[in-house]
Amino acid sequence: LFIPSQDKTLIYEQRPFFYINYDGVEIKTGRWGWRDYTEEYKVETLLIGNSIAFGYGVTSNSTIHKMLKIDTSGIIGYSLSQIRRQLELLPPDVTPKKIIYLYCMNNPILISFGPSRFFLRGRLALFQRAQDFVLNLQYEMSGRNYYDFLHKTGVSRMKDDFRTMIDISKSKESSFLVAVVPVLAWGEAGG
C-alpha cells in the first residue's frame, strides 16, 4: 500500500492505482493514492487527515468520506506536519470548494509511529531514537519533563501547520473546516 516518497517531510506515500483485500476489507487507490478515488468527477469537497480520514480497517461503504459522499486524501499514519505537506503538494487541478481536516487527537505526534517508521532511513531512525533518549535523560536530570517539552513543541508546530493549511485553502479559494475526533481503535474509522 505504501511507497517511499521523494519528499523528506512525507517520508512515504500511498501507492497509486493499488488494490488489496486485507482481512476482508477491500482497499483500492486512484491516481494520487487516495482511497476509492475516481477521476470521473471534479473534487468538490476534500477530507484530509490520517488513517481515520482514510477509513483504515473498515469497508469502503463504512468510511466517513463515503457516508458524506466526498473524496478523501487521508494517509494512514500521517502526522499533522505530513498532512500539511500533503495539502501543500495537492495537484494544481485539484481545487475543492471545501477542505475538511479530520483532526484526530494523535495528529500532533512529531514523528508518526505508523508506516513512517518503516520508511525512515536507517541512520535517521537510529538518530531519532538516540536523540529522544538523550533529551529525555537531560530533562529528567534537570527536574523537567521531556514530554511536557514535546507537548509545547507539538502545540507550536500545530499552530504553524494550521496557519499554513488555512493559507493553502485560501490560495485555492476553498473554505477550511476542522472536525475534531478522538483517537479511535482499529475498525472504528467509519464513524
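This is a predicted model: local features need pLDDT of at least 70, side-chain atom pairs count only at pLDDT 80 or more; totals for chains, interfaces and linings use all residues.
User: Why is S174 called buried?

Analyst: The relative accessibility of S174 is 10%. Buried means under 20% relative accessible area, so S174 counts as buried.

User: Where is S174 found, and which residues does it touch?

Analyst: S174 is in the loop that joins α6 to β8 (175–181). Leaving out residues up to four places away in sequence, S174 touches P96, K97, K98, I99 and S169.

User: What makes β3 and β4 a pair of strands?

Analyst: Two strands pair if DSSP finds at least two bridges between them. Strand β3 (residues 19–22) and strand β4 (residues 25–28) have four bridges, in the antiparallel sense, and therefore meet that condition. Within this pairing, Y19 stands opposite K28 in β4. The two strands form a hairpin with two residues between them, and D23 in the turn has a positive phi of about 55°.

User: Which residues touch the most other members of the largest nonpolar core, and which elements give two or more residues to it?

Analyst: This core has 22 residues, of which W34, I48, L87, Y101 and M165 touch the most other members. Two or more residues come from each of β5 (45–49), α3 (80–88), β7 (98–104) and α6 (146–171). The largest share, four residues, is from α6. Apart from this core lies another, of nine residues, including I52, A53, I64 and I100.

User: With which residues is W34 in contact, leaving aside neighbours within four places in sequence?

Analyst: W34 is in contact with K28, T29, V43, L46, T72, S73, Q86, L90 and V94.

How values were computed: Residues are numbered from 1 along each chain as its sequence is written. Side-chain values use heavy atoms; hydrogens and water are left out. A nonpolar core is a set of buried Ala, Val, Leu, Ile, Met, Phe, Trp, Tyr and Cys residues joined through side-chain atoms within 4.5 Å. Buried means under 20% relative accessible area, exposed over 50%, partly exposed in between (1.4 Å probe, protein chains only). Contact means heavy atoms within 4.5 Å.
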